[in-house]
Amino acid sequence: MRAMVFDGNSPVLQDMQVADPQPGAGQLLIDVHACGVCRTDLHVIDGELAHPKRPLIPGHEIVGTVAALGTNVTGFAIGDRVGVPWTGHTCGHCRYCRSGRENLCDAPAFTGYTLDGGYAERTVADSRYCFHLPARYSDVEAAPLLCAGLIGYRTLAMAGDAQRIGIYGFGAAAHIVAQVAHHQGRDVYAFTRPGATAPQQFARRLGARWAGGSDESPPDRLDAALIFAPAGSLVPAALRAVAKGGIVVCGGIHMTDIPSFPYALLWEERRIVSVANLTRADGQAFMTLAEDTPLQIKASAYPLADANRALNDLRNGALVGAAVLTMR
Ligand SMILES: [Zn+2]
Ligand SMILES: [Zn+2]
């Protein structure tokens, strides 16, 4: 099969023919139709995350159909449309798995990082971590749901019932979360790179009450700020923008160092938290929400062989919405 492969060193993926994977016990063999390109893929190939599988097929927003079943698979049949997310395995017996926090498992495996992912014509995945997908979305539209949507949803959930939600970095995750928050009757304030008017207009079209640069002050104090851009300098900026008792939620897996800031910014019970990975319960809850809520998914499709171009467009901030690789 054709695959775009990270050799462990060069950030340029190699277009290669590799052997088809074979489904082991509990696994699905999947004909991949589409795979989203996530900022985490950039962090992996740019060497910002430790100990990736080498060589590695990246990609953890996989949409395809089941081509074959390993032994002991339940809940899926050949031909089913299926989604594969970032969390690919958890141990099931550590203290986190036993307390409903499998996203923090001590011995996890992650799709497109420590397991081969979806930048390929076929992949295998543990069926227990795969999802059925809402029929209302095409393959290209469904791919960004599997990380941008899911992690975005968990990030928003960390904000509790906050009414005024600021979103820093208006890319793939933000454009989905903004719609969910708007649909829930919350007020969305979108922050982009200073001067980036296209994503600001995009945010307003999706219902944002206000959109501006990350160096600007919103017209109202925020109850929560969600940060999806990987810039640590946004943490004190977001703290400045939140009201007393407000929360700053960092939704990315990697961020540049956070500059020091005066304690007064944290005072009055402001909080800073991060979001790590997802649980299967998050996935089920979000897929149900996405089925019931017509989300407009803005995705640019690239042929699999153009994965490097898609990654560069993401790296350079040239995208509005998500990038998705297509295999057919
Ligand atoms: Zn565990
Ligand atoms: Zn991701």
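These legends accompany several close-up views of a predicted model.

Residues are numbered from 1 along each chain as its sequence is written, while chains are lettered from A and ligands numbered from 1 in the order in which they are written. Because the model is predicted, local features need pLDDT of at least 70 and side-chain atom pairs count only at pLDDT 80 or more, whereas totals for chains, interfaces and linings use all residues.

**View 1**
The protein splits into domain 1 (2–149 + 277–326) and domain 2 (159–274). These bounds come from an automatic or database domain assignment. The C-alpha centres of the two domains are 26 Å apart. Across the boundary, 18 residues of domain 1 contact 16 residues of domain 2. Contact means that the C-beta atoms, placed from the backbone, lie within 7 Å. On the domain 1 side, helix H1 (39–45) and helix H3 (148–158) are the elements that give two or more residues. H1 supplies the largest share, three residues. Helices (H or I, at least four residues) and strands (E, at least two) are DSSP runs, numbered from the N terminus. By class, this side has eight nonpolar, seven polar and three charged residues. Here Ala, Val, Leu, Ile, Met, Phe, Trp, Tyr, Cys and Pro count as nonpolar, Asp, Glu, Lys and Arg as charged, and the others, Gly among them, as polar.

**View 2. The largest nonpolar core.**
This core has 104 residues. A nonpolar core is a set of buried Ala, Val, Leu, Ile, Met, Phe, Trp, Tyr and Cys residues joined through C-beta atoms within 7 Å. Buried means 20 or more other C-beta atoms within 10 Å of the residue's own, exposed means 12 or fewer, and partly exposed is in between; C-beta atoms are placed from the backbone. Ile167, Val177, Ala190, Leu226, Ile227 and Ala238 touch the most other members. Helix H4 (residues 172–183) gives the largest share of the core, eight residues. Each of domain 1 and domain 2 contributes at least three residues. Not counting residues up to four places away in sequence, Ala238 touches Gly166, Tyr168, Ala225, Ile227 and Val248.

**View 3. Strand E16 and its two partners.**
Four of the five residues of E16 (residues 322–326) are buried, so the strand is largely enclosed by the rest of the structure. Strand E3 (residues 27–37) pairs with E16 in the antiparallel sense, over four bridges. Strand E15 (residues 299–303) pairs with E16 in the parallel sense, over five bridges. Pairing requires at least two DSSP bridges between the strands. Leu325 of E16 is the bridge partner of Cys35. Leu325 is also the bridge partner of Tyr302. From E15 the chain crosses through helix H8 (residues 307–315) to E16, and this β-α-β crossover is right-handed. In that sense, with the strands pointing away from the viewer, the path from the first strand over the helix to the second runs clockwise.

**View 4. Strand E8, buried on both faces.**
In E8 (residues 122–126), five of five residues are buried. In a regular strand the side chains alternate between the two faces of the sheet. Arg122, Val124 and Asp126 point one way, Thr123 and Ala125 the other, and all are buried. E8 pairs with E3 in the antiparallel sense over five bridges. Asp126 of E8 is the bridge partner of Gln27.

**View 5. Helix H3 and its cover.**
Nine of the eleven residues of H3 are buried. They are Ala148, Gly149, Leu150, Ile151, Gly152, Tyr153, Arg154, Thr155 and Leu156. Their cover includes E3, H4, strand E12 (222–227), strand E13 (242–250), helix H7 (280–292) and E16. Gly160 follows H3, with a positive phi near 60°.

**View 6. Two buried loop residues.**
Ala229 sits in the loop between E12 and helix H6 (234–241). Ala229 counts as buried because it has 24 C-beta neighbours inside 10 Å. Leaving aside neighbours within four places in sequence, Ala229 contacts Tyr168, Gly169 and Leu234. The C-alpha atoms of Ala229 and Gly251, 22 residues apart along the chain, are separated by 8.4 Å. Asn277 lies in the loop between strand E14 (271–274) and H7. With 20 C-beta neighbours inside 10 Å, Asn277 counts as buried. Leaving aside neighbours within four places in sequence, Asn277 contacts Trp86, Thr87 and Asn103.
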